[in-house]
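Here is a short tour of a few local features, written for someone who likes to check geometry for themselves. Have the viewer open and follow along.

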Amino acid sequence: MKDNNLIQEITKNTRASLFVICILTCLVYANTFVNGFVLQDKSFIVDWPLIKDLNNLFQFFGPNNQPEAETGIYSPLKTLFCAFNYHFFKENPLGYHAIALLVHLVGVIFVFRICLLLSVNNLAAFLSGLIFALHPVNSEAITFLTASIDSSGVVFLFISFYFFIKDGGIKDRILSVVFAFLAVFTNELTITLALLFMLHEIYFRRERGIKKLFLRVAPFFLIAGIYILSKYLVLGSAARGGYLLGSFYLTIIVLIKAFAKYIILLLFPFNLAVNHSLSPGIYSADWKYFDRYAFLSQSILESQVIASILIIFVLFYYSARLARKNKIISFSIYFFFVSLLPALNIISSECYFAERYLYLANLGFSLAFGVVAASLLLNNQIVKERRRYIAYIVFILFCFYAFRSVLRNSDWQNELTLARAEQRAYPENPQANKNLGAVFLVTGMTGEARRYLEKSISLKPSAEAYYFLSQANYELKNPQSEMELLKKALSLDPLFSEAHYNLATALMNLGEKEEAREHLSRAISLFLSEGKYDAAQVAQQLFDKFLNIP
């Protein structure tokens, strides 16, 4: 039997192919079951009163359906799914990780089915499904539990897209519309689904005519419109936050860099992190840590921006050239670009780059990879020896992706392992150093905490870094230094309620009563305005007791 026939024999049974892919996926993600809650998992699961009572169902669709730190997002079904998870698993992370893996498995199955429908090639579908299943850039979308709920919205889109292109009759059309609705109201980044579906029609069903094309995609544009209107009516705005320092132009330059980084990260998933460095002094989240000069001095003519534009242009040009010769590759490239549009902050948001945003775009990458790899492996014009080498390369690539995913999953084990991984990926990122110092402080490693907090301050002074460093000095019984550091924190952020409270207690210990009263009063006022009523009550009790001191 010829080599290509042997390969086809291995993958011709779609159920067997799916079984192999699912088993390998489970093996790669098995180490996530020991992981705990990290980052926003605390606010979305542990400390979110709204989801702890299913009687709050109607509030899930109201204006306060997200935790305080996540204002500006309208994803009512995400809140509902968080509530269901909490109802069954409470604060046991094992159950959440099991659901996250199940969501990913369903996504993998439908990515395989979509690729099989589009390529009509079992081997291409197998390779596409496997690379999507194992790609390490997906780890954040699965292992980060809060993000895994967002990923369920993307999986709903995959299901909707599958039934849309399958088009077996009225039942498939209804299912496609239903899952599209679930997708958009679970994860707002799926709002481009109508454009993705229209892209498919333009590439593969253009002969049916423009009128029929628009009739087929009209329900999905309607769903997107309903979502935008619902968000506007409930929250009063379709955007979340403003542009960086109020500049659309400078924000777009950041996003050009981010777009190119998405492409590079899919091809070379080495330096994985939650908060990436997009360029020196500019990061993927939390503009407070940006180097202001580096941000303001950006230009469309700087080398990184030109290189980024060149990468994007080459892909667009190549895709246009392939539009007739190889529709699937061309479609895959445009699918990648369109799926990332909501993540590009054209409508302003507060996160400028995130690996989890690639979960949808990865379908385009995986489809292109599977089709190209299969065409090379099955090409009789390529001598057997070369095809064998190609097979070895593909096998090594899958082994690398699987191994890298396992390593990345282990980064998410707890706050300390994640903070270490972040600082290791970007040692000159002030926020990464601050976060690692803060975690060391919580774990009682005061010396290590001071080291990273001082480095964070040397890179970019911040109120939070000074605040945590003051706590380290409190642990070392150094109230004078604690007071000085807290004053520096407040000079950078006068509305830092916890810093006012800690400074008041430090001043009390130093006998500075009048100044302590002033900061304690300010802390109470800020706690109340922030809705931190328990903290305000504790501060008020201390204030009442303090006033009685002669």
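Phe81 is partly exposed, with a relative accessible area of 23%. Keep in mind that this is a predicted model.

For Phe81 and Phe156 the centres are 6.0 Å apart and the planes make an angle of 50°. That counts as tilted, because stacked needs planes under 30 degrees apart and edge-to-face needs over 60. Phe81 belongs to helix H4 (residues 76–89) and Phe156 to helix H8 (residues 145–166), so their contact ties together parts that are 75 residues apart in sequence. In total, the model has 41 aromatic pairs.

## Charges over rings

In one case, the charged end of Lys78 sits over the ring of Phe44, 4.3 Å from the ring centre. In the other, Arg216 places its charged end over the ring of Phe164, at 4.3 Å from the centre.

## Helix H20 and its two sides

Helix H20 spans residues 446–459, 14 residues in all. From first C-alpha to last it reaches 20 Å, close to the 20 Å expected at 1.5 Å a residue.

Which residues of H20 are buried? They are Thr446, Ala449, Tyr452, Leu453, Ser456 and Ile457. These residues cover an arc of only 145° around the axis, which means that they lie on the same side of H20. Gly447 and Ser458 are exposed, on the other side of H20.

## Positive phi in two loops

Leu39 has phi near 50°, a positive value in a residue other than glycine. Leu39 is located in the loop between helix H2 (14–29) and helix H3 (41–46), and its relative accessibility of 32% makes it partly exposed.

Val120 is not a glycine either, yet its phi is positive, at about 50°. The loop that holds Val120 runs between helix H5 (93–119) and helix H6 (122–134). Is Val120 buried or exposed? With a relative accessible area of 70%, Val120 is exposed.

Definitions and conventions
Residues are numbered from 1 along each chain as its sequence is written. This is a predicted model: local features need pLDDT of at least 70, side-chain atom pairs count only at pLDDT 80 or more; totals for chains, interfaces and linings use all residues. Side-chain values use heavy atoms; hydrogens and water are left out. Rings of Phe, Tyr and Trp (its six-membered ring) pair if their centres lie within 6.5 Å; planes under 30 degrees apart count as stacked, over 60 as edge-to-face and the rest as tilted. Helices (H or I, at least four residues) and strands (E, at least two) are DSSP runs, numbered from the N terminus. Buried means under 20% relative accessible area, exposed over 50%, partly exposed in between (1.4 Å probe, protein chains only). A charge sits over a ring if NZ of Lys or CZ of Arg is within 6 Å of the ring centre and within 35 degrees of the ring normal. The expected span of a helix is 1.5 Å times one less than its number of residues. The arc is that of the directions from the helix axis to the C-beta atoms.
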